[in-house]
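I opened a notebook for this model. The entries below follow the order in which I looked things up.

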Amino acid sequence: MEETIVPAAGVAMEPLRMRGVQEEMWRNLPLLYALPAALARASAIISRFRPDAVLGTGGYITAPVGAAALVRRVPLFLQEQNAIPGRTTRVLAARARTVCAAYPDTARLLPRAHVVHTGTPVRADFQDRAREVGELRRLVVFGGSQGAHRINVAMAESIKTLLDVDGLAVHHVCGQHDLEWLHGFRAGLPTDRAARYQVDAFVTEMAGVLAGADLVVARAGGSGIAEMTAMGLPMILVPYPFAGEHQRFNAEPLAEAGAAVVVRDAELSGATLTRAVQRLAGSEGAARLREMAAASRAFGRPHAAEEVARLLLEAA
């Protein structure tokens, strides 16, 4: 996705061939070849571009670039989007100038690093758009850029009942894989119900979609949470159950703060989703929605991008 989006934004991009670390050791044999080549290419890029600072946003691609920056004594900054730091962040944190953390408790997990609670940067169109939430009138459902099949199935099982909520409109961003099936499902709804159920594979301007939401059902990825809390949105979060369950640790602080209801992936069904949404519907649910929205606004860091940029500019 970045190969299309980044150049289109007018930002130069250098591809780097790299692999992530797998749990089964034998699957890491290709790293014996990939890592030295990636380190050499990253070093060459840094030598040619001559940066004043390097910012790594996590993931395995940051490892060779961050290592090359440290070797060349270029100030290295890391931006950690998740509550539990990823492997790359843990390896590089102690030698980085600063780790910009999305969660305040991340600092205790990186005792040898300089950690600043900046939040996760979001695009400008997510900033300063928090609004007062009233009764549940618009529900937005999404599972990331590729969708989430588990959430899509639960929505298909619950949508007829959810649309019994007077005036409720649902915008479901489902990913490409389930689009045809859900379009067919929508076509089978009564005309008045189908008009209140919008299904899209992908939405480029997600800020515009979220701006009108009273409640969001979503996975608990770091970027998505940053965007939703920047806009002060109440959430029903369904953490992705794999990859070390890191999304569960992202979601739990929001539940503790009162900004989100967490439904485990294994427990998600049409019935559980319906109950979770219905508890927040009507006049009684509206009071809870307002409390969740206030907690979400308090948790959000809509100007994290400026804070990270300030730290980078100070180093430069």
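I take helices (H or I, at least four residues) and strands (E, at least two) as DSSP runs, numbered from the N terminus. The model is predicted, so I apply the cut-offs that go with it: local features need pLDDT of at least 70, side-chain atom pairs count only at pLDDT 80 or more, and totals for chains, interfaces and linings use all residues. Residues are numbered from 1 along each chain as its sequence is written, and side-chain values use heavy atoms, with hydrogens and water left out.

**Entry: Gln127**

I looked up Gln127 first. Gln127 sits in the loop between E4 and strand E5 (138-142). Is Gln127 buried or exposed? I count a residue as buried under 20% relative accessible area, exposed over 50%, and partly exposed in between (1.4 Å probe, protein chains only). Gln127 has 11% relative accessibility, so I log it as buried. For contacts I require heavy atoms within 4.5 Å. Not counting residues up to four places away in sequence, Gln127 touches Val122, Pro302, His303 and Glu306.

**Entry: the sheet that holds E4**

I call two strands paired if DSSP finds at least two bridges between them. E4 belongs to an open sheet of four strands, in the order E1-E2-E3-E4, with parallel pairing. Strand E1 (54-56) and strand E4 (115-117) are the edges; each has a single partner strand, so one side of each lacks a neighbour in the sheet. The twist from one strand to the next averages 25 degrees. My axes are lines fitted to C-alpha atoms, for helices over the stretch in contact, and angles run from 0 to 180 degrees between N-to-C directions.

Strand E2 (residues 76-80) and strand E3 (residues 98-101) are parallel and share four bridges. Glu80 stands opposite Ala101 in E3.

**Entry: the six-stranded sheet**

Another open sheet has six strands, in the order E7-E6-E5-E8-E9-E10, and its pairing is parallel. E7 and strand E10 (260-262) are its edge strands, each pairing on one side only. Neighbouring strands here are turned by 15 degrees against each other on average, direction ignored. Helix H13 (residues 282-299) packs on this sheet and touches strand E8 (215-218), strand E9 (235-237) and E10. The direction of H13 makes about 100 degrees with that of E10.

His172 stands opposite Val199 in E7. Val173 has Asp200 in E7 as its bridge partner. Which residues of E7 form its covered face? In strand E7 (residues 197-200) they are Tyr197 and Val199, while Gln198 and Asp200 form the uncovered face. In a regular strand the side chains alternate between the two faces of the sheet.

**Entry: the cavity**

My search uses a 1 Å grid over the protein atoms alone: a cavity is a set of points where a 1.4 Å probe fits but cannot get out, and a pocket is an open set with protein on both sides within 12 Å along at least five of seven lines; lining residues have an atom within 4 Å of a point. Grid points are joined across faces, edges and corners, and a volume is the space filled by probe spheres set on the points.

How many cavities of 30 Å³ or more does the search find? It finds one in the whole structure. The largest cavity holds about 120 Å³. Its lining includes Gln81, Tyr103, Thr120, Phe299 and Arg301. Helix H10 (residues 222-230) gives the largest share of that lining, four residues.

**Entry: the second largest pocket**

This pocket has a volume of about 230 Å³. Among its lining residues are Ala83, Tyr103, Arg108, Phe249, Glu256 and Phe299. Helix H5 (106-109) and helix H11 (246-257) each supply at least two lining residues. H11 gives the most, four.

**Entry: Thr272**

Thr272 lies in helix H12 (residues 270-278). Leaving aside neighbours within four places in sequence, Thr272 is in contact with Val263 and Glu267.
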